[in-house]
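Reader: I am new to this structure and would like to learn how to read it. Please take me through it one feature at a time.

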Amino acid sequence: MKYAQIAGWGMYVPSTVITNDAFVRMGLDTSEDWITSRTGIEQRFLVGLDEATSDMAVKAGLHALSMAEMHGREIDLVIVATCTPDHVMPSTAAIVQNRLGADGAGALDINAACAGFVYALNMATGQIESGRATNVLVIGADELSIYLNWKDRNTCILFGDGAGAVILKASDEPGIMSSTMGSDGSGAGLLTIPGGGSRFRTNGNGRKPANSYLTMNGPQVFRWATQMMTSAAERVIASSSLKPEEIDLFIPHQANLRIIEATAKRLGLDPEKVFANVDRYGNTSAASIPIAICEALDQGLIHVGDNIVLTSFGAGLSWAAVAVRWTAPVPERRSPWVPFRQSLETRVAAVRSVLRRQQRRVGTVIDERLRRD
Ligand code: UT7
C-alpha cells in the first residue's frame, strides 16, 4: 500500500496591497471598522492587469518544487484547483505543466471553487495510493478580483488573489490519513458567477446577456459554512482514529474570521491550535489553504509528526476536509543554487515549448506538400 506525503510547498501573492480604507476612499458605503469587525480582513493582494492565474500558479509551483528538491520532469500529474482559469480551454494546468517543464506529466484543472485545493489534494492522493502516480503537483490558484463588482459592498471587500502549491509524493508511511468531499448543488445559486459558461453566453450567440460578476447570499453561506466545516473536520478526525485533542493544527478555509472561530468552537479546539491569516490575504479561494500551510510552516507552527486538519467550503455548494500527518522536515535554508537552477529550467522549458510549436508548423507544411504531390 502506498501513501501520499506532502514533500514541498510554496505560495505566491501579487504585489498590490489593498487595505480596507481604500474601499471607503473609492466611495463604497462601508467603513474600515465594519469590514474588520464583521470579517477579520484588514488587507488583500490583487493582481495587475497583465497577471493571469497561471502566472501565479507557476510561481507557487516553482517554490514547491524547490522545497521538495524536485525537477518539473519528475512530476507525473499537475492539478490546478481554480474557478478563475486563464481560458475556458485549455486548462490552466496544461499551461503550468508546459512552463514548469513537467514534460512527463498529465495536467487538469479542478473547479470546486474555494474548496478546490482540498478536493485536488484528495484526487492526487487517490492517484498516488492506487500506484498511478508517484509525484503530483497540486496547486490552488484564483484571482476572483476580476469577477468582483466594486460597487457591491457585500462581496468586493472579501476576496484577494493568490496561489499556493504542494508536492505530494508516494511513500510507505502516511501522509494524508483520511479525506472527505461533499456537494449540495441545491445551493448553487447562493454563490455564483453566472456568466462565461454555456448557460449565459458571452459571444453574441447567447439567449441572455451574461452577468459575470460574483454574487452571494452572505448570511446563508455563513450559516452553512460553519456547519459543514465542522462536520467535515469531525469526519476526517474520526476516520483517522484521532481524538480532537490530538489535533496539533487546524487550518480552515480563510473566508471570514467569524466562520473560523465559530467552527473551532464547535470542534472544541483551543484557539492556539487554529490557524488564521485572513486578516492579511482576505479570501483567496482555492489558494487560501495552501497559502495558510506555507505561512504556518514559516511561523514554525508545523513540526514533523504533527496531526493537521484542513477543511474548506465554497460555491457548489461544496466542501472537503483532509487529515494529514506532517512528515517533511522544514529546511533551515534553501540552497542558493535552487533559484538559479529553476530559472535555468524554466528558460529551457520555454525554449523547448517554442521549438515544439515550430516543429508542429514545419510538420504541417511538409504534410501538405506531400499530399499535394
Ligand atoms: O469562500 C466562500 C465565500 N463566502 C463567504 O465565506 C461568505 C460568508 N458570509 C460572510 O462572510 C458574511 O455573511 C458577510 C461578511 C458577507 C456579511 O456579514 P454579515 O454579518 O452576515 O452581514 P449581513 O449580510 O447580514 O448584513 C448586515 C448589514 C446589512 O445592512 P442592513 O440590511 O442590516 O441595513 C448589509 O447591507 O450589513 C450591511 N453590509 C455592509 N455594511 C457595511 C454588508 N456589507 C457591508 C459592508 N459595509 N461591506
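Predicted model: local features only at pLDDT ≥ 70, side-chain atom pairs only at ≥ 80, totals over all residues.

Author: Residues are numbered from 1 along each chain as its sequence is written.

Reader: How is the chain divided into domains?

Author: Domain bounds come from an automatic or database domain assignment. Here they give domain 1 (3–325) and domain 2 (335–373). The centres of domain 1 and domain 2, taken over C-alpha atoms, are separated by 32 Å. Domain 1 puts 8 residues into the contact and domain 2 puts in 7 residues (two residues are in contact if their C-beta atoms, placed from the backbone, lie within 7 Å). On the side of domain 1 that touches domain 2, helix 3 (53–67) and helix 4 (92–99) are the elements that give two or more residues. Helices (H or I, at least four residues) and strands (E, at least two) are DSSP runs, numbered from the N terminus.

Reader: What is the order of the strands in the open sheet?

Author: Two strands pair if DSSP finds at least two bridges between them. The open sheet has 5 strands in the order 1-7-6-4-5, and its pairing is mixed. Strand 1 (3–12) and strand 5 (106–110) are at the edges with a single partner strand each, so one side of each has no neighbour in the sheet.

Reader: Which strand pairs with strand 1, and in what sense?

Author: Strand 7 (residues 162–171) pairs with strand 1 in the antiparallel sense, over 9 bridges. In this pairing, Ala4 stands opposite Ala170. By contrast, strand 4 (residues 77–81) and strand 6 (residues 135–142) run parallel and are joined by 5 bridges; there Ala81 is opposite Gly140.

Reader: Which residues have the most contacts inside the largest nonpolar core?

Author: A nonpolar core is a set of buried Ala, Val, Leu, Ile, Met, Phe, Trp, Tyr and Cys residues joined through C-beta atoms within 7 Å. The largest has 111 residues, and Val78, Ile79, Val138 and Ile139 have the most contacts inside it.

Reader: Why is helix 9 described as largely enclosed?

Author: Helix 9 (residues 288–298) has 8 of its 11 residues buried, so the rest of the structure largely encloses it. The buried ones include Ile289 and Glu295.

Terms used. Buried ≥ 20, exposed ≤ 12 C-beta atoms within 10 Å, placed from the backbone.
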